[in-house]
Amino acid sequence: MKKIIITGGAGFIGSHVVRRFVTRYPDYEVINLDKLTYAGNLANLRDIEDRPNYRFVKGDITDTVFLDELFAAERPAAVIHLAAESHVDRSISSPLEFVLTNVVGTVNLLNAAKKHWEGEYDTHRFYHVSTDEVYGALGDTGMFTEETRYDPHSPYSASKASSDHFVRAYHDTYGLDTVISNCSNNYGSFHFPEKLIPLAINNIKNKRPVPVYGKGENIRDWLWVEDHARAIDVIFHGAASGETYNIGGHNEWKNIDLIQLLCGIMDKKLGRADGESARLITFVKDRAGHDLRYAIDATRLKQDLGWEPSLQFEEGLEKTVDWYLANEAWLQDVTSGHYQQYYAEQYGG
Ligand code: NAD
Ligand code: DAU
């Protein structure tokens with residue numbers, strides 16, 4: 001029985017990773033370690049919560065005593081670390097939260113692994129899930145490779161870059177078996193509606209303005225979240241110690257084009273006239289330090305481990321819209337309470 005701690009398993013990507021590992025590897029015991037911040041939601045895992053090889057532990061990765069006791073009691077063979085503060089706009093208003101969870105929390109986990117796995121580093125693995133935003137912004141051409149120099153611009157990406165450096169330092173200095181992956185923008189089910197796609201779906205559904213920052217010319221490389229979870233599986237099992245892999249969708253979209261596409265899909269699904277939803281598009285003040293373009297070169301991952309994205313974006317986006325329309329209660333639940341206050345502060349009422 002292999003015991004794995006997955007941190008941040010109640011969040012968007014983490015819940016897909018937990019589901020994949022629990023259902024695909026019945027001989028693994030999966031412990032979902034999550035603080036349940038505003039972004040963590042156990043409803044994301046209802047379908048697997050009764051599986052015998054799954055357990056939830058509520059805890060905070062900034063709490064060193066808790067981590068020490070957890071590692072001593074559970075003796076995990078591996079950590080897949082996704083817990084983080086993940087929203088760029090929140091990092092602009094509250095940067096310190098991002099330092100605490102993303103930097104200090106990661107170092108706390110590394111320290112727990114270093115202490116409790118001492119003498120057995122070659123049979124234990126620390127997998128750190130990171131982002132393409134550590135590489136900064138691209139101009140009109142080029143792609144991020146694993147060799148691209150780090151150049152983060154937002155407090156979020158600076159905190160993720162810092163955590164990546166600590167993970168590499170623990171590999172190089174202490175010999176911990178570590179792996180890092182840097183992924184592009186994910187989309188799919190259970191995505192919290194502070195991020196562009198689910199926020200736009202929710203607003204279009206409710207006939208509210210769809211806020212597009214600046215002129216909508218920024219470009220992101222979108223990947224279906226289940227393809228990310230599969231990449232994490234493949235890398236966790238196949239990567240050499242100390243390795244880094246970029247993960248991306250080969251799927252660049254200008255924000256405004258993406259929103260136009262989404263509006264068209266929503267018109268069709270909601271039985272609205274062509275162009276009705278697009279009238280909700282509202283250009284608003286740009287994000288401070290807004291990175292122009294991200295694009296991932298995932299050649300290394302394809303060549304070494306055979307991973308490629310499985311889903312075309314148009315199909316994936318339609319599936320995602322279907323999921324949100326079929327899961328009204330989930331959306332209602334996460335957009336009540338604190339969300340309303342966040343929305344008013346971010347978008348002005
Ligand atoms: P998310 O915000 O949906 O989920 C984060 C989870 O971490 C939540 O369940 C939250 O409760 C938990 N958490 C936060 N602080 C914690 C703490 N101190 N202790 C324990 N748990 C805590 O994030 P996501 O979008 O699923 O991203 C997951 C990871 O993947 C992050 O590390 C992020 O940087 C990275 N990533 C995200 C994307 C993306 O497009 N969303 C792309 C590339 C990489
Ligand atoms: O690239 C990977 C990153 O993708 C992850 O590391 C982050 O955790 C994740 O949040 C995401 O970051 P982005 O900032 O790219 O995602 P977001 O959905 O916030 O924004 C996508 C684009 O849409 C970006 O150019 C900003 C723009 N945007 C966003 C919001 C929320 C708008 O135009 N309007 C909005 O209301």
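**Ligand surroundings and helix packing**

Student: How many residues surround ligand 2, and which are the closest?
Tutor: The model is a predicted one. In it, ligand 2 is surrounded by 24 residues. The closest of these are Asp132, Tyr156, Arg287, His290 and Tyr347.

Student: Which residues are the closest to ligand 1?
Tutor: Ligand 1 has 28 residues around it. The closest are Ile13, Asp34, Ser86, Tyr156 and Lys160.

Student: How far is the polar side-chain atom of lysine 160 from an oxygen atom of ligand 1?
Tutor: Several polar pairs involve ligand 1. Threonine 101 has a polar side-chain atom 3.3 Å from a nitrogen atom of the ligand, and a polar backbone atom of asparagine 186 is 2.9 Å from an oxygen atom of the ligand. For the polar side-chain atom of lysine 160, the distance to an oxygen atom of ligand 1 is 2.7 Å.

Student: Are H4 and H5 roughly parallel or roughly antiparallel to each other?
Tutor: Helix H4 covers residues 95–116 and helix H5 covers residues 155–174; their axes are 8 Å apart and the packing angle is about 15 degrees. Angles under 35 degrees count as roughly parallel. H4 and H5 are therefore roughly parallel.

Student: What does the contact of H4 with H5 contain by class?
Tutor: On the H4 side the contact includes Phe98, Val103, Val107 and Leu110, and on the H5 side it includes Tyr156, Lys160, Phe166 and Tyr170. By class, the contact has 11 nonpolar, six polar and two charged residues.

Student: Is the crossing of H6 and H10 left-handed or right-handed?
Tutor: Helix H6 (residues 196–205) packs against helix H10 (residues 313–326) at about 55 degrees, with the axes 11 Å apart. That angle makes H6 oblique to H10. The crossing of H6 and H10 is right-handed.

Student: How do the residues of the contact of H6 with H10 divide by class?
Tutor: Ile197, Pro198, Ile201 and Lys205 are the H6 residues that meet H10. Their partners in H10 are Phe313, Leu317, Thr320, Val321, Tyr324 and Leu325. The residues of this contact divide into eight nonpolar, one polar and one charged.

Student: Is H6 roughly parallel or oblique to H8?
Tutor: The axes of H6 and helix H8 (residues 255–270) come within 10 Å and cross at roughly 40 degrees. The crossing of H6 and H8 is right-handed. Since angles under 35 degrees count as roughly parallel, the relation of H6 to H8 is oblique.

Student: Which residues of H8 does H6 meet?
Tutor: H6 contributes Leu196, Ile197, Ala200, Ile201, Ile204 and Lys205 to the contact with H8. The residues of the contact divide into 11 nonpolar, one polar and one charged. On the H8 side, the residues are Asn255, Leu258, Ile259, Leu262, Cys263, Met266 and Leu270.

Methods
Residues numbered from 1 in each chain as written. Chains lettered and ligands numbered in written order. Predicted model: local features only at pLDDT ≥ 70, side-chain atom pairs only at ≥ 80, totals over all residues. Heavy atoms only, no water. Axes fitted to C-alpha atoms, helices over the stretch in contact; angles between N-to-C directions. Helix = DSSP H or I, 4+ residues; strand = E, 2+ residues; numbered from the N terminus. Parallel < 35°, antiparallel > 145°, perpendicular 65-115°, else oblique. Contact = heavy atoms within 4.5 Å. Nonpolar A, V, L, I, M, F, W, Y, C, P; charged D, E, K, R; others polar. Near = heavy atom within 4 Å. Polar contact = N/O pair within 3.5 Å; in protein donor to acceptor, adjacent residues only side chain to side chain. Left-handed = near helix turned anticlockwise from the far one by under 90°.
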